[in-house]
Amino acid sequence: MISAINISKNYGGVRAVDSWSVEVKRGELYGLIGPDGAGKTTFFRLLTTMLLPDGGSATVAGMDIVKDFKKIRRIFGYMPGKFSLYEDLTVEENLRFFAALFETTIEQNIHLVEEIYSQLRRFADRPAGKLSGGMKQKLALCCAMIHSPEVLFLDEPTTGVDVVSRREFWEMLKTLKSKGLTIMVSTPYMDEAQMCDRIALVSGGRFLGVDTPENTVKNFDGKLFSVSADSMKTLTADLKAFPDTITAFSFGDSVHLRIRDNDGSIDHLRQYLSNYKNLVISEIQPAIEDCFMAKI
Amino acid sequence: MKVITAHNLTKRFGSFTAVDGISFEVEKGEIFGFLGANGAGKTTAMRMFCGLSRPTSGEATVAGFDVFTQQEQIKRHIGYMSQKFSLYEDLTVKENFTLFGGIYGMKPSQIRENFGLTVGRLGIEKYADTLVGGLPLGWKQKLAFSLSVFHSPEIVFLDEPTGGVDPVARRQFWEMIYDAADKGITVFVTTHYMDEAEYCDRVSIMVDGRVEALDSPRNLKQKFNADDMYGVFLYLARTAKRS
């Protein structure tokens, strides 16, 4: 459904997107996972025909992003990272406007987003600018869907949104996916990667790799240990100073440790940390965030 | 010493009670996490503590100054950093610090001395005369934090300081927060990353304008029988009635 081959975009000397190759299947929920400055927004702007690439090529639904830009624009929905609806139009007026742009009507397509719009209907006459953050996000998703697109591009839809609303939003995406929609979504929150069929890890314009969330975790290089003790504030620094340590990163109430796999290195570590009370060291399954940090 | 005291602090907008009688105290040098769902009233509360919004009723002091009558003194004694990057991109690193130091009434000699210490700590002496706009994002975030504590405030308010920052830089950022707290600067921080809630000495969770829970992460997890702060947050946020 989406295919990019070695696509690049530079701004001055900065390689915002450096030779990315991506294949997204029809009906797939594909995640672009990476922090600010990774190139996620630029990549969306290339695929949505808002920017011309400096190298490489890409197609959406078999159409070329440069030659067929007018046709492509009819078949995707795009939710930019910044709220971009008309704040002084009401909820319903915004929806009507986007439907009209694509020569369709609310009535014709509202069934596609009925579960989401049903929560908005009681605010139908409220100006979009006066909605709460969570409701604005739901309206933006409805507006991106109202012309019945084949592909949905969602640029950081959950940034700055609390964890409860974020979870709700991903449930909505699963509902849309079940209707056969292809969805490409970006997020800086590593914990959301689990919700995607496949994830691409990106950072600083580089494409670090793509796989299912399960395989990304399975292919983690080496073993990962969780270390916790009573005085966490000094523990990270002490672990970083341990000779066999590769990396030590605080992770909530424990420290995640990668260590050179020598015989007895964990025993040495226990001795090294023997001053700590309630010391717990255990091997754990890495999270996506661990995988990401091991790759950058 | 208490750096923040709040007693029944309330803010109404017309018939809407954004902050509904919150009461708590924050100790000097404490890292205080201020959590809540979108729309729970965090930003409104923070604006009152920063002297930017007058409360409707209740009492509160920040750095010993009254939020009703001494808003200007409050602004001089606090630091503030938001997720939105706020340095001037078309000024150099040094020019930014000189400008902000001047605004806070620091002496030129003091600005020079503090600036030397700051760039030394960040290891960016070479970039003192580089335009801020050209620096990598992770550095900008660290500079913004350094700037927010440059005038040695008693307390610094950090509003989602790590949003969108890469996971390694996010952890380095927290090491800077620890350093500041060790020097006695009180840290008042909001975040949507639940692992970061674990790094705070105490965490408060707002629901519908009220502080529904306030304790150390360990005690909160015990009280709500949750494995992590995410579980605690989810439990409380689900009780919210506002949308």
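**Salt bridges in a predicted model**

Me: Is A:E92 buried or exposed, or something in between?
Reply: A:E92 is partly exposed, at 29% relative accessible area, where buried means under 20%, exposed over 50% and partly exposed in between (1.4 Å probe, protein chains only). Residues are numbered from 1 along each chain as its sequence is written, chains are lettered from A and ligands numbered from 1 in the order written, and side-chain values use heavy atoms, without hydrogens and water.

Me: Which residue does A:E92 form a salt bridge with?
Reply: Its partner is A:R96, with the closest N and O atoms 2.7 Å apart; a salt bridge here is a side-chain nitrogen of Lys or Arg within 4 Å of a carboxyl oxygen of Asp or Glu. Both residues lie in helix α3 (residues 91–101) of chain A, four residues apart, helices being DSSP runs of H or I with at least four residues, numbered from the N terminus.

Me: Switching to chain B, what does B:E196 pair with?
Reply: B:E196 forms a salt bridge with B:R170 at 2.9 Å. B:E196 lies in helix α7 of chain B and B:R170 in helix α6, so the pair ties together parts 26 residues apart in sequence.

Key. Predicted model: local features only at pLDDT ≥ 70, side-chain atom pairs only at ≥ 80, totals over all residues. Helix = DSSP H or I, 4+ residues; strand = E, 2+ residues; numbered from the N terminus.
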